[in-house]
Amino acid sequence: MADFNLKSHGLNVTDVLRNPSPSELYEEAIRFDAGTTLSDTGCLIAYSGEKTGRSPKDKRVVKNPESENDVWWGPVNFPLDRLTFNINRERAIDFLNTCNRLYVIDAFAGWDPKYQLKVRVICSRPYHALFMTNMLIRPTEEQLKEFGEPDYTILNAGRFPANRHTTGMTSKTSVDLSIEDGEIVILGTEYAGEMKKGVFTVINYWGPKNDILSMHCSATADKETNRASVLFGLSGTGKTTLSADPKRYLIGDDEHCWTDDGVFNVEGGCYAKAIYLSREREPEIFNALKYGAVLENVVYDRESHHVDFNNTTITQNTRGAYPIEHMTNAKIPCVADHPTDVIFLTCDAFGVLPPVSKLTPEQAMYHFISGYTAKVAGTEVGIDEPEATFSPCFGGPFLVWHPGKYADLLADRIRKHGANVWLVNTGWSGGPYGVGARIPLPQTRAIIDAIHSGELSDAPTQKDPIFGFDVVTACPRVPDGILIPKETWPSADDYETQAQKLAQQFQDNFEKYAAGVSEEVLNAGPQTLSNA
């Protein structure tokens, strides 16, 4: 515990804990943060209040002359004028100045020292301080002495609401980024993930600005060569499960950058979904939730403090945040050589896409920008049949530039470093959801293993007549009979109809990005009967 002057940030609170240890934050949370407690495995259990997930519609970026031509304005990046940002910032400062005690965390984003950003978090809840201690990269004592002023500061006043009558505010929640000021201001939400994704939004601006590809993906590395593999995928596609591979090093589970030197993890920890977590199903994550970790919005037994991960009374978005060192196969520092393989995971509930296919750089750009998966019938109210979902670059809510910017950087690195690109379907075979069956996880693992071993590099393929990519027709430890989707369906005509329908959805979705990509990329997408 140490005094620290925050006057440079407009704050005059005298009781400030700068970079307290996890033990100190545990004590602070138990003493001063009502409702916070400990689990029977030693985690800090905390609650985020009304908001138990991100508020993407309340994220705003200040429209400044220096960066406004870089930003992809629209439903992802709502513009905010300078006056309104200053009002929100002053509102946050006023609230923080009323707090008896503040917590300051100084840490890094990015494991490669050549590319690190210095981040300062100022907050009023010890739970938030411990969360960001885990999620950022923890400096050594010597680095803290030389830390100086940060590149970006997060002013977390989430316990205090935004004024809904202020111009541009649509609710009492507002998460505002000013690129030029190097500040993120949070009002009206105590969900800790807003801080994590705020930093990632910064990385998604700074990276492409400096010819660095920022990626919403997991990454592993070969234990002998240190060559990486990156796995992109939306929720439910198997990204976390497939990256938890004891045969390989874990580089990170969520946010990475690809530079001229290789791949590095942006974060110092993992933020894993905890719903239905068990030691048997996901032992690595289960065992990582121990002393030093934060469990968010979980239900526990008041007598034993045992957490019921199956209880979704508070939210289905229960989470655990822990230092990456808690993962036994983590490679520290979290840096690897250039990827041999780029893998796009999709859970195709229509049963149309093959279990594995190989993409050209142009096709990689098309599918990267598309970011396709499907929601399964019955999982959400109002969904009676599979529903296509598209999120550009597999991380739409966190992009700052037009998706074509990230796709250009990806294609450049694929070509430069000779990476193979694969589209892996972890969804349905033999028909759509309700008719066919989901591809067994052991077969998907066998496909990923064959990709990493190089066995699929020279595997036989055949071109898909609609989607255009090369479908792998033989893979070790995978039955040949499931590799060509059309041959698994009871009716070839039904398959053709469904494939054409999905191809049209790809085309309709891609229209919004067409102006930002080349003709070669446009032509790399599926061909329907209407444009064949």
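The model is predicted, so local features need pLDDT of at least 70 and side-chain atom pairs count only at pLDDT 80 or more, while totals for chains, interfaces and linings use all residues. Residues are numbered from 1 along each chain as its sequence is written, and side-chain values use heavy atoms, with hydrogens and water left out.

Stay on T173. This residue is in the loop that runs between β8 (152–157) and β9 (174–178); strands are DSSP runs of E with at least two residues, helices are runs of H or I with at least four, and both are numbered from the N terminus. T173 counts as buried because its relative accessibility is 1%; buried means under 20% relative accessible area, exposed over 50%, and partly exposed in between, with a 1.4 Å probe and protein chains only. Show the side chain of T173 and the backbone of G188: a polar atom of the former lies 2.8 Å from the oxygen of the latter.

Next, select the open sheet. Its eight strands have mixed pairing and the order β1-β6-β7-β8-β10-β9-β4-β5; two strands pair if DSSP finds at least two bridges between them. Ignoring direction, neighbouring strands are turned by 20° against each other on average. β4 (residues 59–62) pairs with β5 in the parallel sense over three bridges, and R60 stands opposite F78 in β5.

Within α2 (residues 82–97), pick N86. N86 is partly exposed, with a relative accessible area of 36%.

Move to α1 (residues 22–32), whose buried residues are L25, Y26, E28 and A29. They are on the same side of α1 because they cover an arc of only 165° around the axis, taken from the directions from the helix axis to the C-beta atoms. Their cover includes β1 (16–18), β2 (37–38), β3 (44–46), β6 (102–109) and α3 (126–135).

Finally, colour by pLDDT, the predictor's confidence in each residue, from 0 to 100. The protein mean is 94, and 97% of residues reach 70 or more. Over residues 377–383, pLDDT stays under 50. Where pLDDT is low, the predicted coordinates should not be read in detail.

Key
Polar contact = N/O pair within 3.5 Å; in protein donor to acceptor, adjacent residues only side chain to side chain. Contact = heavy atoms within 4.5 Å. Axes fitted to C-alpha atoms, helices over the stretch in contact; angles between N-to-C directions.
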